[in-house]
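Student: Could you take a close look at a single part of this structure for me and walk through the strands, rings and side chains there? I would like the cut-offs as you go.

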Amino acid sequence: MAYQVKVLGFGDNVVDKYEHIKTMYPGGNAVNFAVFAKKLGAERSAYMGIFGSDKEAEHVIASLQEEGVELVKCKQVIGENGAARVTVNPENGDRIFLGSNEGGIRGDMLYALDRFSLEYVKGFDLVHSGNYCFTERELPKIKAAGVPISFDFSDDSTDEYYERIAPLVDYAFMSCSDISKEETYEKLKKVAALGPKFVCASRGDEGCIAYDGKEFYVQGIKPVANMVDTMAAGDSLLTAFLVNYLARQKEGKGGPEAIRESLDLAAGFAANTCGLAGSWGHGKVYE
């Protein structure tokens with residue numbers, strides 16, 4: 001299926017090193033967004049961020065090129081690429097994070113948007129970033145340029161962080177699997193009151209709950225034919241929702257029905273992702 005949408009993932013790229021099998025997979029919230037959008041059939045999908053100079057960086061770059069993601073505004077600098085250490089719970093496929101290098105060189109050398117980069121950004125319908133992306137200070141520039149922003153707050157953003165970032169964001173995503181359903185409804189209302197027009201909380205095997213400022217939407221999970229790994233299930237969910245919803249909006253068909261349709265499609269896409277090793281495959285053995 002083809003979608004007439006142009007999207008940009010801005011921020012993090014990492015390798016997820018699965019220690020139990022000594023295999024690394026490319027990932028990172030912004031990278032996963034760009035790859036999943038491309039797989040879904042987005043007309044244009046790009047990633048913009050900083051790569052290191054090691055073999056981990058080269059593996060992510062090569063994998064993104066194979067997937068057909070646009071990389072023209074990326075930077076490569078001397079230093080260590082972002083990397084996380086991971087293992088998987090053999091009983092349920094849940095990923096377990098063991099630690100990371102805090103983004104490597106990407107955390108030390110932040111990506112600054114100049115006038116030329118902003119001109120590039122203006123060519124997209126939406127920019128997606130997240131709380132591990134080190135892009136916070138650039139978001140006001142993107143908002144001022146009039147490009148909608150999607151943001152993943154994950155499960156560890158503080159109230160102060162929400163208060164600072166949510167007013168800049170159009171679509172806010174978060175993980176709420178560690179709090180009750182009632183608390184999730186309250187959190188969605190609280191975040192929506194800060195500015196985003198759409199907020200969505202993923203709740204693990206309970207699916208997700210979304211809120212558009214007026215109505216709540218509850219979406220269950222779809223069956224996973226062959227559970228391999230839950231890595232990037234949330235990223236695939238938010239990407240599929242956004243790509244489908246943006247396309248509907250462009251057709252003048254946004255609103256509650258489009259939200260329900262997009263969430264249903266997203267749940268199916270996320271289930272498929274759980275059947276892949278790593279975020280989107282491309283495993284490579286390391287020493």
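Tutor: Happy to. Helices (H or I, at least four residues) and strands (E, at least two) are DSSP runs, numbered from the N terminus. This is a predicted model, in which local features need pLDDT of at least 70 and side-chain atom pairs count only at pLDDT 80 or more, whereas totals for chains, interfaces and linings use all residues. Residues are numbered from 1 along each chain as its sequence is written, and side-chain values use heavy atoms, with hydrogens and water left out.

Strands of a sheet pair through backbone hydrogen bonds, either parallel or antiparallel. Here two strands count as paired if DSSP finds at least two bridges between them. By that criterion, nine strands make an open sheet of mixed pairing, in the order E5-E4-E1-E8-E9-E10-E11-E12-E13. Strand E5 (75–76) and E13 are its edge strands, each pairing on one side only.

E12 covers residues 208–211. Cys 208 and Ala 210 point one way from the strand, Ile 209 and Tyr 211 point the other way, and all are buried; buried means under 20% relative accessible area, exposed over 50% and partly exposed in between, with a 1.4 Å probe and protein chains only.

Now look at the partners of E12. Strand E11 (residues 198–202) runs antiparallel to E12, and four bridges join them. Ala 201 has Ile 209 as its bridge partner in E12. The hairpin of E11 and E12 has five residues between the strands, and Gly 204 there takes a positive phi near 60°. With strand E13 (residues 216–219), E12 again pairs in the antiparallel sense, over four bridges, and Ile 209 stands opposite Val 218 in E13. The hairpin of E12 and E13 has four residues between the strands, with Gly 213 in the turn at a positive phi of about 95°.

Helix H7 (residues 181–192) lies across E10, E11, E12 and E13 and runs at about 35° to E12. Helix H9 (residues 256–273) lies across strand E1 (3–11), E11, E12 and E13, at about 25° to E13. For these angles, axes are lines fitted to C-alpha atoms, for helices over the stretch in contact, and angles run from 0 to 180 degrees between N-to-C directions. Contact itself means heavy atoms within 4.5 Å.

A pair of aromatic rings is described by the distance of the centres and the angle of the planes. Rings of Phe, Tyr and Trp (its six-membered ring) pair if their centres lie within 6.5 Å; planes under 30 degrees apart count as stacked, over 60 as edge-to-face and the rest as tilted. The count by this rule is 17 aromatic pairs. Phe 173 and Phe 241 have ring centres 6.4 Å apart and planes at 65°, so they are edge-to-face. This pair links distant parts of the chain, 68 residues apart, with Phe 173 in strand E10 and Phe 241 in helix H8 (residues 233–250). Both residues are buried. Phe 241 also forms a stacked pair with Phe 198, at 4.3 Å centre to centre and 10° between the planes. Ring pairs link Tyr 171, Phe 173, Phe 198, Phe 241 and Tyr 245 into a cluster.

Ser 154 is in the loop between strand E9 (149–152) and helix H6 (159–165). Leaving aside neighbours within four places in sequence, Ser 154 is in contact with Asn 131, Tyr 132, Tyr 162, Phe 173, Met 174 and Ser 175. Ser 154 has a relative accessible area of 15% and is therefore buried. The side chain of Ser 154 makes a polar contact with that of Asp 155, at 3.4 Å; a polar contact is a pair of N or O atoms within 3.5 Å, where within protein one must be able to donate a hydrogen and the other to accept it, and residues adjacent in sequence count only if both atoms are side-chain atoms.
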